[in-house]
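Subject: Structure handover

Hello,

Here is the structure I promised you. Please open it and keep it beside you while you read my notes.

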Amino acid sequence: MAELESNRAKSSSGLVFFNRSFTMHASSAESNPPKFHLLLNNPSLNRAASISKIYNSIDSVKGKVKKLCSLFESTKPSLSSSNLTSPKEPSPKVLLTPTKSIGYSSSFSSSFNNPLIRLPGSEDRIVVYLTSLRGIRRTYEDCYAVRMIFKGFRVWVDERDISMDAAYKKELQSVLKEKNVSLPQVFIKGKYVGDADIIKSMFEVGELAKILDGFPRRQPGFVCEGCGDVRFVPCGNCSGSRKVFDEDQGLLKKCLECNENGLIRCPDCCS
């Protein structure tokens, strides 16, 4: 009997302990809500709420864009209506006038038909006074441009390079009656035409091609074999030394056949 009572006391004490632990855990579970519910209730960690905020901001931006588009579209009908009523009135016609060619023609005619400026002995050719030195870049580029323009027409040009022969500079000064002359200067059929600007304008307008119709044409790519289109060769009398030996007097004398550089005009292309 004593053993049975002791067993019952042990079982009752175990049940009481179990009940206590159960109530403790239950109360703790009830007092502390699960972490999952806390994450869902936290607005900063709720992804659904943040995504909805982003979509709401995008919708607001779209609404502002639509309002701006509606403002611009509202002005279009007024413009179109004004354009529809305007064709009834005749629009004024604008006449295009070639101002460049008019300015060119007046300056060219005044120089080309000037009887006071003539180059004697050149009525059957084109004469261009130029320089092959590159000391002044603008002058060299103008001379080169004029050379290329005439070369494109394949006409022979009497090029008188003042850097190769100083006599050409004096000749040009006497013809133009000016001491300081710019280069290049062009004469066609003995008549004075003008500088590089005039030649470029004539070439662009098409007047230069009309003037050069009567001149003979050379073969494409033709180059003088004697001088290579330089127009000068070394003097054959002094071999470019500018001095010859006089056997009668036994002295060296100045060569009278070449210029100050010991050069003469090419006999093949400049005769």
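Is Glu159 buried or exposed? Glu159 is buried, at a relative accessible area of 12%. Buried means under 20% relative accessible area, exposed means over 50%, and partly exposed lies in between (1.4 Å probe, protein chains only).

Two notes on the source. This is a predicted model, where local features need pLDDT of at least 70 and side-chain atom pairs count only at pLDDT 80 or more, while totals for chains, interfaces and linings use all residues. Residues are numbered from 1 along each chain as its sequence is written, and side-chain values use heavy atoms, with hydrogens and water left out.

**Salt bridges**

The structure holds 12 salt bridges. A salt bridge here is a side-chain nitrogen of Lys or Arg within 4 Å of a carboxyl oxygen of Asp or Glu.

Start with Glu159 again. Its salt-bridge partner is Arg147, and their closest N and O atoms are 3.2 Å apart. Glu159 sits in strand S2 and Arg147 in helix H5, so the pair ties together parts that are 12 residues apart in sequence. Arg147 is partly exposed, with a relative accessible area of 32%. Helices (H or I, at least four residues) and strands (E, at least two) are DSSP runs, numbered from the N terminus.

Now look at Asp158. It forms a salt bridge with Arg160, with the closest N and O atoms 3.1 Å apart. Both of these residues are buried. Asp158 also meets the side chain of Arg265 in a salt bridge (2.4 Å, N to O). That pair links distant parts of the chain: Arg265 is in strand S8 (residues 263–265), Asp158 is in strand S2, and they are 107 residues apart. Arg265 counts as partly exposed at 22% relative accessibility. Asp158 counts as buried at 2%. Through shared partners, salt bridges join Asp124, Arg125, Asp158, Arg160, Glu171 and Arg265 into one network.

**The sheet**

Four strands form an open sheet in the order S2-S1-S3-S4, with mixed pairing. Two strands pair if DSSP finds at least two bridges between them. S2 (158–161) and S4 stand at the edges with a single partner strand each, so one side of each has no neighbour in the sheet. On average, neighbouring strands are turned by 25° against each other, direction ignored. Axes are lines fitted to C-alpha atoms, for helices over the stretch in contact, and angles run from 0 to 180 degrees between N-to-C directions.

S1 and S3 pair in the antiparallel sense over four bridges. Tyr129 has Gln185 in S3 as its bridge partner. Helix H6 lies across S1, S2, S3 and S4 and runs at about 70° to S3.

**The core**

In soluble globular proteins, nonpolar side chains tend to be buried together. A nonpolar core is a set of buried Ala, Val, Leu, Ile, Met, Phe, Trp, Tyr and Cys residues joined through side-chain atoms within 4.5 Å. The largest one here has 36 residues. Those with the most contacts inside it are Ile126, Phe150, Val186, Phe187, Ile199 and Leu208. Contact means heavy atoms within 4.5 Å. Elements giving two or more residues include S1 (126–130), H5 (137–152) and H6 (166–176). The largest share, five residues, comes from S1. Apart from this core lies another, of six residues, among them Cys227, Val233, Cys266 and Cys269.

Best wishes
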